[in-house]
Each structure stands twice: as C-alpha cells, then as structure tokens.
Amino acid sequence: MFAGLPGTAAAQTTVLRDFTLIDGTGSAPAANQAIIVTDGRITWVGPSAKVKVPAGAEVETLKGKYLMPGLIDSHVHLGLVDGITQNLKYQTPENIEKQLRTYAAYGVTTVQTLGTEQDLIFPIQQLRKRRTTMARVYTVGQGVVFKGSYGGVPGLEQSVATPEEARAMVDAQASKGADLIKLWVDDEFGMLDERMPPRISSAVIDEAHKDGKKAVAHIFYYDNAAELTREGVDAFAHSVRDRAVDDALLGQMKAKGVWQMAATLSREASFTYKTLPFLDDPFFTRGVTPEVQKELASPERAAKLGAAPNFPKYAPALKTAMENFGREVKAGIRYGMGTDSGPTARFPGYFAHWELELMVKAGVTPLQALTAATGANAEFMGASDIGSIAPGKWADLLVLDRDPTADIRNTRAIDAVYIAGTKVPTIWQTCTGRAAGACGGRP
C-alpha cells in the first residue's frame with residue numbers, strides 16, 4: 001500500500017476559530033471566522049460568534065492568523081530529479097511521495113502533473129479521493145509530443161507522427177484515468193526543425209474533447225497560440241513569450257474561453273540567473289540538502305549556464321511573459337497559477353511562492369493571485385472538493401501568521417498546513433538532509 005494514509009479511527013472533529021478567512025473565491029478577507037472539520041472535511045463555516053462546538057471536538061484558537069485553502073500548483077512534473085540531477089529512473093513511488101510531502105510543507109496541498117509521468121502516477125492520483133497526508137495529485141499521465149519535435153522527457157516514449165497515432169495516444173491516456181490531455185507545440189528557440197503541426201494538434205484537441213477531457217498546450221509562440229485557440233484548445237500551460245499578445249488573440253481567447261492556466265513566470269525567471277538569487281533564503285534552504293545548495297552555488301555551474309547559446313534569450317522571454325500575462329488579466333482572460341516545477345533546479349513548493357510574487361509584479365493584486373492558486377485552479381481542473389473554504393470540501397488548509405493580501409510574500413509566513421484536517425510538517429519544521437535542529441530557528 002502506498003504510504004501517506006492515516007489509519008482508521010473514530011470520527012474526528014476539530015474547530016478552528018478566531019482567524020481571518022481568505023476563502024478562495026475572491027471574496028474580501030473576513031475577520032473573526034471559524035470552521036468545523038469532521039473526518040477531514042469542512043462541515044461548517046461562519047463567524048466565531050455563531051459557532052456551536054460539537055461535543056468532544058478539539059478546539060484551536062487562531063487569533064491573529066490568516067486561514068485560506070491550500071495552494072494548488074496547476075503545472076508540475078513529479079519524480080524527475082534526485083537533487084538537481086534529472087533522469088527518469090528517479091521516477092519511483094518513493095521519490096514522488098517525498099516530493100508530494102515537500103509540496104505540502106510549503107502549503108501546496110494539490111498539484112497537477114503535466115505530461116511526463118509513467119503509469120505509476122495513476123494509483124497515486126487515486127489517493128486524492130480519500131484522507132491523505134501529502135499533496136493530492138491530478139494528472140495528464142503522458143502528454144503528446146510530435147515525433148522529432150519539442151516535449152516530453154528522455155526515456156519516456158510519447159511521440160506521434162500521424163493524426164491517427166495522436167488520437168490513439170489521447171484515448172490511451174483517457175482510458176487510464178488522465179484528468180486532462182497535454183500537447184507540446186514548440187521548437188526550443190528554433191533549434192528543432194519543426195513544431196507540432198495543426199493536423200496533429202487539432203486531432204489531439206478533438207479527441208480529448210470526444211473523451212470528455214480538456215486539452216492544454218505548451219506554447220511559446222504567438223502564432224501557435226492563435227492557431228490552437230482556433231482549434232479549440234482549452235488552456236495554455238505557459239505564456240506567449242516571443243511577442244506581445246494583441247487584441248485579436250485576446251479577443252479570440254476570451255470568446256472561446258481559453259484559460260491561461262499557468263503563466264510559469266517562476267520558470268522563466270529561474271532561467272535568467274547563472275546563480276539563483278535565493279540560495280541563502282531559509283525558506284528555500286530548509287527544503288534542499290547542503291549538497292544541492294553547494295552545487296547550485298558552484299562557479300562551474302554558473303559558467304556553464306552563462307555559456308549556453310540560449311541564455312541571453314531568457315530575460316527578454318521573461319519580460320514578454322510578464323507583460324502578456326498582465327494584458328490577459330486586463331482583457332478578462334481566466335487564469336490559474338502554475339510553475340512548471342519539478343525538472344532540474346525548479347523546486348517543488350518554493351516556486352509556487354515565487355510564482356505568486358511574480359504574478360503580483362505582473363499586475364494582479366495579491367488577492368487575485370491567491371484566488372488563481374486556489375478557487376480558480378480548482379474550477380479549471382474540475383476539482384469540486386478543494387480550492388475554497390466551504391462545507392463539503394476537504395480541509396486542505398494553509399494558516400499564515402501575516403496577511404497575504406497585504407503583501408504576497410506573507411504566504412511564506414506559514415504557521416500550519418492541514419491536509420484533510422490533519423496537520424502535516426511545514427517547511428519551517430523541515431531540515432532536509434541534516435539533523436532536525438541544524439537549520440536553526442525560524443526567522
């Protein structure tokens with residue numbers, strides 16, 4: 001049996017009270033609220049003055065705290081790395097569980113994997129239907145790659161050459177339980193000869209819809225975004241990064257209901273550094289081993305990254321991605337939050353908080369960013385039992401010491417994380433690869 005499941009016990013009821021509620025719907029924070037949680041699910045929400053504490057319930061006062069739904073990262077890849085070395089051989093249930101616990105420690109209580117997972121992901125996906133103590137999983141399974149073009153990971157055969165092969169692959173993933181379908185349309189800054197052509201992408205999108213699944217695309221170029229919108233794609237997993245989006249594309253996206261499911265601004269930002277800027281941040285260092293810190297800080301690694309032919313292209317791509325995300329929001333395009341974390345040097349959990357910060361810098365309010373990462377993501381994913389604080393939902397909760405709607409960096413002030421009403425270790429209670437006390441006190 002996969003780990004991460006609490007044992008069977010008698011009905012358990014907890015009352016959390018006297019906090020400021022950020023409910024995941026976009027509503028303004030509400031002071032002096034309370035919730036009742038029974039067997040992992042929320043059964044009542046309302047003002048603390050009106051709560052009726054059930055007999056035998058455990059009561060916890062959270063005066064001065066801020067309670068919100070756990071974060072949802074709509075774009076991750078699981079089990080691809082050991083430290084910062086990437087290889088599909090690391091994709092084991094044990095490594096995936098370890099990463100899901102890291103996500104949870106950062107308050108990311110649900111992730112959606114986007115296309116590089118072997119079939120072992122599907123039993124893990126099923127755990128979301130019950131009480132668990134690590135992040136829940138939604139998954140694409142394997143995404144669709146055009147043969148010889150960009151996408152996927154080495155060692156995982158997921159390429160197609162014809163519309164018929166594309167449709168068969170979509171059907172195969174849908175039959176295994178994929179929550180949605182992923183396709184890649186890119187050529188890695190022109191380094192590859194061909195992107196997925198419309199005859200393939202339209203077959204993927206059409207078959208996904210026939211199977212009752214949404215289709216989400218990795219894109220880079222404006223022209224591909226416009227074509228995929230015409231074909232009926234449901235969402236983009238990255239921003240357009242080669243040029244500004246204009247009224248023509250924005251109008252079509254809005255008319256067809258295409259989401260910017262993930263802008264992956266943290267991904268783009270990470271590529272602009274030879275040495276990442278947060279290597280001394282305790283919020284980061286607690287989640288990685290000293291060996292990883294040392295490797296990330298090495299001059300040799302910095303020199304290698306800086307010498308790569310595409311390195312000068314990353315800063316302009318980030319600037320364009322941020323500007324385009326801001327334009328989409330102003331145009332009324334629906335959006336979620338996703339990081340593309342999981343590949344080498346894109347760190348589970350930490351990147352979600354960086355992503356929120358960059359979204360705010362791109363033009364949304366902190367409350368809008370938080371809503372994207374909770375209720376909006378859940379809506380796009382069809383995840384009816386997470387994403388907001390309401391009766392019937394799982395009690396996947398993030399409790400903060402400071403108001404994240406006043407300063408988005410306050411999402412890092414994590415006091416507690418609950419998954420299905422059970423407290424799990426936070427990043428401030430974590431000291432990876434060292435003795436428990438070696439990371440020092442919390443700042």
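Modeller: Apart from the residues within four places of it in sequence, Glu328 is in contact (heavy atoms within 4.5 Å) with Leu250, Met253, Gln260 and Ile333. This is a predicted model, in which local features need pLDDT of at least 70 and side-chain atom pairs count only at pLDDT 80 or more, while totals for chains, interfaces and linings use all residues. Residues are numbered from 1 along each chain as its sequence is written, and side-chain values use heavy atoms, with hydrogens and water left out.

Glu328 lies in helix 11, which covers residues 311-331; helices here are DSSP runs of H or I with at least four residues, strands are runs of E with at least two, and both are numbered from the N terminus. With a relative accessible area of 3%, Glu328 is buried, a word used under 20%, with exposed over 50% and partly exposed in between (1.4 Å probe, protein chains only). Gln260, one of the residues that Glu328 touches, is 68 residues away from Glu328 along the chain, yet their C-alpha atoms are separated by 8.0 Å.

Elsewhere, helix 4 (residues 198-210) and helix 5 (residues 222-231) have axes that come within 10 Å and cross at roughly 45 degrees. Where these two helices meet, Pro198, Ser201, Ser202 and Ile205 of helix 4 are in contact with Glu227, Leu228 and Glu231 of helix 5.

Turning to the whole, the protein chain has 13 helices and 19 strands. Its radius of gyration, taken over C-alpha atoms, is 21 Å, close to the 22 Å that the globule rule (2.2 Å times the number of residues to the power 0.38) gives for 443 residues, so the chain is as compact as a globular protein of that length. The C-alpha trace spans about 65 × 50 × 45 Å along its principal axes. Buried residues account for 58% of the 443 residues in the chain, and of the contacts between residues at least 6 apart in sequence, 73% join residues at least 24 apart.

Note on methods: Axes fitted to C-alpha atoms, helices over the stretch in contact; angles between N-to-C directions.
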